[in-house]
Amino acid sequence: MRQKNVPLRRFINIIITNMYLTKEKKQELFGNYGKSNTDTGSAESQIALFSYRIAHLTDHLKENKKDKNTGFALRKLIGKRRALLDYLKDRDINRYRAIIEKLNLRK
């Protein structure tokens with residue numbers, strides 16, 4: 001008997017095995033940079049999450065130089081992080097300086 005949706009199952013298995021950003025990792029990021037493990041909305045926690053994803057995509061692009069879609073997604077994420085950093089800089093310069101120092105974003 002032939003199984004239905006075999007390509008779909010393979011696709012789902014690939015997605016599940018390649019999850020680089022697990023629930024536990026998100027909670028760790030939010031705990032380290034946000035106010036608590038469940039603080040998903042603060043600018044600091046969002047910037048930390050974007051920075052983690054940017055680092056992952058950068059490593060991916062080093063191996064796969066012709067992956068244009070990932071390059072586009074990377075530039076989009078960098079823009080989102082930049083916008084949040086600008087927002088934080090305008091609202092509270094001390095929080096901005098703290099997150100820059102914690103994440104080592106400036107050299």
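Mentor: Leaving out residues up to four places away in sequence, R82 touches Y96 and R106; contact means heavy atoms within 4.5 Å. This is a predicted model, where local features need pLDDT of at least 70, side-chain atom pairs count only at pLDDT 80 or more, and totals for chains, interfaces and linings use all residues. Residues are numbered from 1 along each chain as its sequence is written, and side-chain values use heavy atoms, with hydrogens and water left out.

Trainee: Where is R82 placed?

Mentor: Helices (H or I, at least four residues) and strands (E, at least two) are DSSP runs, numbered from the N terminus. R82 lies in helix α4, residues 68-91. Its C-alpha atom is 8.7 Å from that of I47, 35 residues apart along the chain.

Trainee: Does R82 count as buried, exposed or partly exposed, and why?

Mentor: Buried means under 20% relative accessible area, exposed over 50%, and partly exposed in between (1.4 Å probe, protein chains only). R82 counts as partly exposed because its relative accessibility is 32%.

Trainee: Which residues does E44 touch?

Mentor: With residues up to four places away in sequence again set aside, E44 touches Y33, L88, R95 and I99. E44 is part of helix α3, residues 43-63, and counts as buried because its relative accessibility is 10%.

Trainee: How many helices and strands are there in the protein?

Mentor: The protein has five helices and zero strands. Of its 107 residues, 25% are buried.
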